[in-house]
Amino acid sequence: MKRYPGTAWFFFGWLVILTLLPFALILGMSVMERTIQGTIHFTFTLENYLRCFHWLYAKVFGKTVLVAATATFSCLLIGFPVAYHLARSTGARRQVGLVLLFIPFWTNFILRVHAMVSLFGNHGLLNHMLLELGLIEEPIQILYTRTGVYFGLIYNYLPFLVIPIFSALEKLDPSFREAAMDLGANRSQTFWRVTLPNVREGVVVGSLFVFIPMLGEYVIPDLLGGAKEVFLGNVMVSQFFTMQDWPFGAAIAGLLSLILLVALFMQTRWQRRVQGVLA
Amino acid sequence: MKPVRNPLVAIVFWMVIGLLYLPLLNLIMQAFLVDPRNIGSGFSTIWLRKLFASDAFWRPLVTSIEIGVLAATTAVAVATFGAVGLSRVRSTLPPAVQTLILLPILLPEVITGLSLLIFFLLIRVELGFFTVVLAHASFSASFVYFILVEQLRKLDPQMEEAAQDLGARGSQIFWKVTFPNIIPGLMGGWLLAFTLSFDDFLISFFTSGAGLTTLPLKIYSMMRIGISPELNALSFVMICISFSLVITLLSKEQGREWVLKSS
Amino acid sequence: MGSQKFITLVAAVVIAVGGFLFVRGRHQSDVLRVVTWSNYLPESSLAKFTQETGIRVELSYISSNEELLAKLKAGVTGYDVIQPSDYMVRQMVGLGMLAPLDHSLLKNLIHIDSYYRDLPYDKGFKFSIPFNWGTTGIAINSEKVNVGENVGWDILFKSPDPKHTSFLDDMREVFAAAFRRKGKSVNSTDPASLEEARATIAQARSQILVFTSEPKPLLLSGEVNIAHIYSVDGLAAAAENPKIKYFIPKEGGVVWTDNLAIPKASARVADAHRFIEFFLDPENALVVVKDKWLASPNKEVVARIPDGERKNKGLYPPDDVKRGLTFLEDIGETLLQLNRLWTDLKSS
């Protein structure tokens with residue numbers, strides 16, 4: 001106990017009360033019983049977790065994973081060249097590039113969603129331009145479709161994937177590549193055999209930390225997907241509000257957090273090799 | 001890294017940048033259209049003037065600023081305690097402690113918001129101004145902590161040791177040596193916390209109840225009621241505020257790092 | 001600066017921040033605390049109430065019935081008057097959260113139309129008094145879609161323009177519509193009806209544009225031409241664009257009310273009754289529904305509103321239509337089943 005000075009304990013206390021305790025409350029609630037009126041009984045049960053594995057929620061989970069994975073993969077495809085470009089440019093150009101990439105993400109989230117809604121709408125700029133150019137006869141429907149959800153996810157999560165890859169590329173020792181070239185490897189061989197394996201951890205960790213928040217996403221499927229599909233996050237929030245079934249909602253939150261913990265565990269195992277990717 | 005000259009990479013990069021800005025530029029343009037649904041309708045500042053004349057803009061703005069200032073101040077105070085205290089610990093922190101500090105950053109916002117909501121309900125605090133300030137301060141404190149720790153790490157430990165050798169007590173060392181050296185970090189951290197609070201939607205959404213409206217919540221409720229021209233004007237103002245906040249942050253020394261790391 | 005000074009400084013900051021928050025978030029104990037929806041009770045009416053009775057009112061806002069329930073369930077006390085909707089009154093009565101009303105303090109109760117005296121969720125105004133009411137129906141843009149007279153729910157489920165059709169994002173309402181289409185009760189619980197409704201919704205789901213609880217802006221912007229909609233929004237849209245019509249489908253639909261009630265935990269029951277009495281007074285009740293496209297259960301209010309509104313069949317449906325309207329009732333465990341079907345529908 002003596003190891004930390006009093007001021008540090010103050011900080012710990014703050015974290016425990018405002019982060020750990022509320023989180024523990026959710027976890028605690030997830031193993032309690034709920035009556036049909038929606039009140040909660042302090043009886044231990046794993047029923048709520050078992051319900052998560054009902055085929056229906058397994059299906060929702062599977063679908064969420066599929067959409068989130070596709071979006072993450074798209075982010076990766078787009079994000080890798082972006083990170084690569086940033087890593088190979090130097091000095092002021094790199095600074096400007098990073099700044100340009102990040103400024104849009106410092107506007108607030110709901111504004112970015114609104115910006116997408118008004119871009120894709122029937123009267124939005126996109127449809128207006130396409131109609132004007134004569135490329136289409138009727139407005140194309142992106143808003144309220146799964147495509148809209150994909151656009152929303154990629155738009156909002158892209159930089160969180162660019163940065164870990166960028167950091168990994170930045171740290172890559174150029175002498176490796178030079179050595180490979182000296183040994184007669186051509187450019188593409190060098191890329192696939194030397195560059196990529198060395199940033200693999202950055203890519204994996206970055207992907208996980210984009211993928212997991214996507215699973216909990218619920219505003220994007222609602223506003224850009226027209227609520228025609230549900231994500232795990234939507235089911236969770238609706239259990240709390242519409243269904244008044246807090247324990248079940250809490251169990252879903254618990255499972256999401258579990259996935260997060262596993263990812264975190266993997267990350268700390270890699271930390272020595274990929275130091276500073278996260279924080 | 002030595003550059004690999006593949007122009008395709010640069011093309012992709014600039015296309016991505018362009019696409020990132022397109023929706024925002026579209027919003028800005030719409031804010032100045034007489035009829036937002038019709039690009040040919042001509043430009044005008046009428047919606048902006050209408051917005052500035054309306055209480056529905058100023059009240060949420062004031063609320064957002066009040067919340068931001070209080071949350072940022074609280075977060076910086078708490079984080080300073082943590083960073084100064086923990087920087088004296090020479091060994092690396094055990095994983096449990098690291099996770100605790102990282103938890104507010106790592107937890108998906110929905111879960112943070114929901115758990116704080118349940119927490120506030122159970123301790124019977126009326127949802128509103130107070131709860132939003134606490135919620136914002138709680139997640140920003142960890143961000144500010146990392147900024148300060150970094151600043152402290154860069155500090156030459158010999159300076160503190162020298163002060164100690166000269167007989168200074170712990171608090172003297174803090175005020176005479178440590179504090180003046182982390183002022184830029186404190187200022188940057190405050191600005192970052194303010195920005196995080198000002199831009200936050202989801203956490204405010206869960207912890208505000210319905211009596212309180214911040215600017216992002218106002219945008220959300222306007223979105224639900226209808227895509228009105230005032231909403232576009234408000235979005236334009238929001239974009240301007242956010243952009244100036246980031247640019248101020250970036251203009252600070254090391255600002256780039258903070259912005260990147262906290263994103 | 002010594003460590004004392006440091007601690008003093010920190011303490012000063014903490015006290016200043018805490019003090020500000022305390023003052024900002026403080027609740028006066030000598031006021032009547034009313035929970036309401038945003039934009040519901042006009043400031044002028046409240047000022048008048050304070051002037052007449054000397055009771056000061058503090059408003060808190062909620063955005064949904066569920067939020068209100070969550071707060072009461074979590075034990076938030078200090079509310080004196082709340083405004084739950086019909087199904088929420090039933091739920092709250094079931095949980096014993098509401099105080100019984102003392103009719104001797106509510107002389108103005110005579111103004112309420114007898115139709116509302118024995119509503120299924122609270123017979124004889126025991127715990128709640130309807131404040132305003134409305135229906136759930138359909139709004140169409142007659143410029144874009146041509147429909148004849150006597151239209152039923154089929155227009156939603158077999159929409160002639162599915163790419164511009166919206167459903168409410170509310171499972172009870174959507175199932176109610178699907179039940180009524182086949183002439184079943186909106187509160188059906190038998191497996192056959194549930195399956196039939198599920199199939200109906202499933203078939204429509206893949207074709208329609210959007211599930212949304214706020215279809216009005218989409219209707220006005222032309223994004224949607226056929227909308228499953230609450231009367232209050234449908235009529236407001238119709239008022240803005242004369243081409244938009246709101247109607248109750250021929251099979252009948254859902255009727256809902258917003259009510260005034262007093263939580264059991266209220267310490268100011270007498271004042272709360274005065275508040276309710278005040279808003280039962282026709283003149284004050286009129287101000288609440290005026291220009292809002294809400295119907296009033298108050299006979300005297302109906303007599304005082306403009307002819308155009310009273311004769312609007314969407315706002316005040318004629319008696320034969322009114323007979324086909326039903327409240328959404330408590331369906332017990334079936335609700336869980338419904339929720340599973342709903343989740344399944346949306347995720348398929």
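**Contacts between chains in a predicted model**

The contact of chain C with chain A takes 24 residues from chain C and 22 residues from chain A, two residues being in contact if their C-beta atoms, placed from the backbone, lie within 7 Å. On the side of chain C that touches chain A, two or more residues come from each of helix 3 (65-73), strand 7 (210-211) and helix 15 (334-347); helices (H or I, at least four residues) and strands (E, at least two) are DSSP runs, numbered from the N terminus. Helix 15 of chain C gives the most to this side, with six residues.

This is a predicted model, in which local features need pLDDT of at least 70 and side-chain atom pairs count only at pLDDT 80 or more, while totals for chains, interfaces and linings use all residues. Residues are numbered from 1 along each chain as its sequence is written, and chains are lettered from A and ligands numbered from 1 in the order in which they are written.

Turning to chain A itself, 12 helices and two strands are found, in the order α-β-β-α-α-α-α-α-α-α-α-α-α-α from the N terminus on. The C-alpha trace of chain A spans about 70 × 70 × 40 Å along its principal axes. Of the 279 residues in chain A, 49% are buried, that is, with 20 or more other C-beta atoms within 10 Å of their own, C-beta atoms being placed from the backbone. Among contacts in chain A between residues at least 6 apart in sequence, 67% join residues at least 24 apart.

Key:
A residue is buried if 20 or more other C-beta atoms lie within 10 Å of its own, exposed if 12 or fewer, and partly exposed in between; C-beta atoms are placed from the backbone.
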